[in-house]
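Hi,

Here is the structure I said I would pass on. Have a look, and my notes follow below.

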Amino acid sequence: MALPGLDLTDSIDTATTSFTRELKPHHEFRFEVSPPSSTTIRLTAGTAELFGTELSKGLPYTFTCAKPAIYTWTGCTLAVDGAPASEYASDETPMSTYLNLHIALEKQRVAAADCPPTTDGAQGPRILLIGPADVGKTTLCKILTGYAIRQGRKPMVVNLDCGGEGVLSLPGTLSAASFGSVMDVEDGFGSSPMSAPSAIPVKLPLVYYYGLETPEAGVRRYKKLVTRMGVAVNSRLEEDIEAKNTGLIIDAPPLDQTNSDLISYIVAEFSITAIAVLGSERLYNTTSKAFAATPSVSVVKLPSSSGVVDREPSFKRACRDAAIKRYFFGDAKCTLSPYTVSIDFDPANSAGGAAAVLALWEVVDSGADARTNTSFLPIGEDELALQHGEDEVRRVEVTDIGNRFENTVLAVLQVDAKDAGAKDVGESAVMGFVYVQEVDDKTKRMKVLSPVPGRVPPKALLAGKWPEGMFLT
Amino acid sequence: MSFNEEVPSPEELAEDYRSSLEDLSVNSRWEITNLTVIAKENIHAAQAISKVIEEHIQKTSPLRKLPALYLLDSIAKNVGTPYTLFFGRNLYRTFMDAYSLVESPVRRKLEEMLQTWKQPVPGSTSSNPLFPAETTRKIDNALIKARTAAVQQQQKQMKQDNARFGLGQPSAAANANAGPYRSTPTPPMLANGQGQPGPYGPPQGDQLANRGTPQPPPPAPPSQDPAPIQSLPHTNYQQLAAHLGLGGANLLGKVPTTDALLNDIRPLISTTQTRFAENPWDIEVQKRLKALLDLQTILSTQQLPSDQLSQIKDQLSRIAISVHVPPTIPNLPPASSAPVAQGTNLAALLNQFSKPQGPPIPARASNTLPAMLNLPTIPLNSGTGPAPAKNLFESLISAGLLKPGSSTPQPPAASKPSTPLNAELLLSGLMGAQLPSIIQGTSSGSNVNWETLDVELNSASLKITRPHFVSILNDSLPNKCGSCARRFTNTEQGRKEKAAHLDWHFRVHQRISDSAKHAQFRSWYVGEEDWIKFREDEEYSSATAAGQTARTSDQNTVSTAQESNSQNYVPVPNDPTMSNITCPVCKEKFATVLHPDTEDWVLMDAIKSGGRIYHASCFAEISKETPPTSAAAAAATVAAISRGSTPEHNSNTISKGKRKADVRITYPHVRRKTRAKAKAH
């Protein structure tokens with residue numbers, strides 16, 4: 001049958017189950033939705049929350065690519081529409097522990113708010129969430145953020161997990177944003193600003209593009225970015241008393257006991273006051289020993305939820321791709337129209353001055369490949385590489401711009417293309433991203449998908465190795 | 001039409017029509033009727049108009065396809081030839097293109113509509129089907145093929161399901177699916193209550209009025225499968241509605257079955273949903289809808305004793321009356337008062353009948369009550385407007401039948417989440433539908449003594465379960481926004497903030513519906529300095545954030561360009577038919593250039609207003625010519641003339657706003673004609 005998508009959706013639809021599910025107090029309804037299908041949930045009675053954000057009664061919430069869990073403190077009835085791949089209710093949740101953690105933080109926030117604004121006492125709790133992969137760090141981050149918002153606080157959320165889906169941005173980024181308004185139930189942390197109005201207020205993030213999957217792959221640049229982020233976040237908190245009283249919630253990348261150096265680094269840069277260790281007894285032990293002599297930092301151990309599922313690589317990949325797609329095209333609630341723009345990178349043309357100078361930089365993976373590769377580079381570039389020997393990013397020469405950049409995203413940095421050095425590029429914040437559709441090395445033009453209409457600003461572009469290339473249609 | 005000295009050309013009409021179509025975002029009977037009337041009046045431009053409609057159906061977002069197709073349906077049924085001929089040519093493509101893009105609930109509605117196309121128009125003398133049989137058959141065949149494919153897929157799925165859930169489950173699911181499908185009213189009349197007079201006058205004589213008769217019962221031959229079942233709830237619905245006003249006690253005498261009640265609820269829900277769609281921020285409608293849906297859930301999931309069923313039946317009767325009170329009566333005071341008054345009516349009646357201590361009053365009381373009170377008898381099912389209803393309410397109070405305060409005792413169901421669900425609670429929710437949400441309990445959050453709370457940041461302390469913490473979490477800000485869960489304090493200040501917040505929701509909602517017309521894009525992020533300075537305090541407008549981003553980031557972005565330069569140029573319309581447009585004022589073409597800033601083809605010295613593109617200078621001239629104060633009044637008259645009868649629509653402020661925008665569009669359009677004429681002389 002030639003109708004696109006017809007057979008598939010119909011088959012799901014005919015098998016659609018509409019059922020209601022009553023949850024007793026302190027139960028959690030967990031379900032999985034995989035991309036082609038979707039599940040709609042309505043809260044018909046009682047109260048319920050999804051990762052700390054309350055559901056509104058009667059409103060339909062549609063989930064497409066997610067493994068959400070809806071928790072109720074008081075009992076509730078949910079009307080479920082659609083065919084979740086799996087669904088069950090559980091009463092084994094660490095939610096009461098998480099709530100205790102929140103109240104303990106809130107207690108410190110109340111105390112902070114009572115102090116005069118300029119003193120150290122006005123500093124709210126700054127908590128860092130660490131643990132191995134897939135223990136629910138991001139989930140706990142959402143819960144704590146949601147609870148803080150619910151009590152009228154203004155938490156500053158910092159995402160340092162470069163390998164995840166990204167917060168208000170793309171995978172491979174580090175970002176920070178102040179959450180002064182409710183989060184989006186369907187869409188995790190919500191959306192960054194768009195030209196369109198949004199029913200859930202947008203959050204304005206500060207974004208750095210790290211461009212590698214793990215901190216270890218480029219640990220020096222990772223630390224530099226953490227420092228930059230720390231400076232910006234601290235300055236922001238100094239100027240915003242509400243945010244200062246509320247403090248920080250930091251979501252770390254997957255770390256284990258071998259990363260104690262990085263943990264101490266983050267703790268120092270963000271003046272962390274509390275570390276919550278999820279799901280690893282061993283990491284908890286090493287961490288609490290390391291900070292035993294530091295009374296200003298409390299280390300707590302938290303159970304991870306039994307609902308935490310190992311997400312298969314393919315599922316994570318789908319989620320990352322979806323995040324990129326969402327950046328350019330928006331979601332069901334708000335469709336965005338990116339623009340195809342062509343960039344001329346022929347140096348002969350840019351001599352006139354009017355055309356943009358393209359300055360494409362590339363993140364260097366300090367792991368094996370970059371070093372060995374330099375020896376195979378043409379003479380000129382070899383020298384360049386030596387010259388920049390210790391840099392974490394390197395300039396991509398015009399002759400080297402080829403189709404290996406096709407189907408990847410490039411970060412548009414805040415620094416101007418013209419006079420940027422490796423240091424500026426390596427530590428610059430991000431303006432946005434473009435997606436390379438096509439590189440034509442004969443005419444020296446590339447076609448990119450730009451989120452904003454008009455010419456791509458004459459800023460330095462940075463290519464990374466993460467997120468991996470994808471087909472964006 | 002009275003200004004027929006110069007008949008607008010079909011192209012101009014089509015252009016006007018196209019811009020009106022862009023406003024057709026929800027399935028609003030009023031808008032569809034209005035557009036139908038316009039199509040009828042301009043029958044000489046039928047070809048152009050039908051083309052515009054077909055293009056619109058093809059281009060508009062999937063969410064808006066259904067209303068557009070309903071419009072096609074409405075025009076075909078109410079106007080007939082030549083529109084049916086024009087639509088018929090491309091019907092297969094128009095229908096199937098839309099069908100393949102929409103969600104499955106919408107597909108069902110389309111299928112239902114297709115069924116009605118195979119039959120003659122109800123009330124007409126002709127026995128020919130609306131569209132030629134070969135056209136509809138072609139669509140049918142395509143659908144059957146699609147369905148076969150789907151069934152095969154489904155069988156696969158079913159096997160899996162059987163493996164997972166055991167046998168029998170799939171058929172139950174299938175039945176559950178079939179239910180709502182078949183009882184859905186015939187699409188184009190969805191918004192129309194029984195006996196509700198059409199919102200437009202009958203300017204076209206009785207033909208249109210007849211054909212527009214709400215909800216023609218599908219005169220399907222018995223061989224047609226869905227028909228018999230389809231007519232069942234339909235009849236019930238009619239009976240219910242007819243019976244309610246007339247006060248016959250027959251139905252109420254019997255103990256209703258759950259099924260019958262469910263059947264009765266469904267049309268109410270769909271009507272309320274329509275109303276909700278028209279006016280999504282009307283909390284009252286929202287609550288009523290919610291309560292109805294909850295009731296439906298309860299009925300379908302629980303076994304209730306018969307006396308409770310009767311009680312529910314009574315309640316439903318009351319609601320049915322209130323729901324079917326026409327939203328408009330001619331000389332009504334301000335628009336905003338109408339819904340309130342109507343709500344009062346609902347609450348009054350509901351209260352009267354659900355006070356547990358009071359004796360149950362039979363249904364006909366709705367008729368006899370006014371009589372008892374020496375009020376003029378009002379036929380409740382057809383003519384009752386909100387105003388008399390309010391009188392009724394007041395009289396009830398003055399007569400001592402109703403205590404003024406009695407509408408407040410029951411807390412809304414929402415505030416008692418832990419109580420087990422039961423019908424009575426829900427009914428009280430229905431009653432409370434018009435009340436402002438009363439939050440019980442004190443703002444205990446401020447009373448929490450944080451210093452003495454026995455929780456510390458250490459692993460042992462965190463393990464202890466402390467049930468009372470839950471209330472700290474929720475009660476420190478007890479006043480919750482119903483649509484986004486944002487919380488406020490219960491103080492005067494909090495209430496003010498919440499009111500501002502609800503206003504914000506309203507504005508955003510309006511903007512969202514407007515923004516769907518334009519391409520939207522992600523803004524650039526800001527740099528470190530701007531980010532540090534940025535405050536969310538004025539976060540009530542999300543545009544602030546976006547605007548700030550755009551402003552502080554690079555000047556190349558078009559969002560700023562649009563602000564500052566839109567006087568100078570307009571992007572070339574994507575529509576190929578518009579590539580040769582001329583300025584409506586001077587009839588000259590625009591200069592098309594590749595603009596260096598946007599890298600896009602633009603029309604220079606152009607300005608876009610209300611879907612038309614003018615030379616900036618020409619536009620300045622025509623807008624200058626009339627002083628702004630009289631312009632609105634004049635424009636209103638002009639609009640009234642040009643659109644034939646322009647019904648006033650008062651229950652929906654959003655569409656009212658839109659209407660005004662429309663008027664502004666029409667105005668230069670008409671003036672321009674007289675100018676052009678003057679030039680010609």
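Is K137(A) buried or exposed? K137(A) is buried, because 29 other C-beta atoms lie within 10 Å (the cut-offs: buried means 20 or more other C-beta atoms within 10 Å of a residue's own, exposed 12 or fewer, partly exposed in between, with C-beta atoms placed from the backbone).

Before the rest, some housekeeping: this is a predicted model, where local features need pLDDT of at least 70 and side-chain atom pairs count only at pLDDT 80 or more, while totals for chains, interfaces and linings use all residues. Residues are numbered from 1 along each chain as its sequence is written, and chains are lettered from A and ligands numbered from 1 in the order in which they are written.

Back to K137(A): you'll find this residue in helix α3 of chain A (helices are DSSP runs of H or I with at least four residues, strands are runs of E with at least two, both numbered from the N terminus). Leaving aside neighbours within four places in sequence, its contacts include D251(A) and L278(A) (contact: C-beta atoms, placed from the backbone, within 7 Å).

V135(A) sits in the loop between β10 (126-130) and α3 (137-150) of chain A. V135(A) is buried too, as 22 other C-beta atoms lie within 10 Å. Beyond four places in sequence, V135(A) touches L278(A), G279(A), S304(A) and V308(A) by the contact rule.

An unreviewed UniProt entry lists both V135(A) and K137(A) under "binding site", with E28(A) and K67(A) also among the positions (given in the numbering used here, with feature names shortened; annotations may be inferred rather than shown by experiment).

Cheers

Note on methods:
Contact = placed C-beta atoms within 7 Å.
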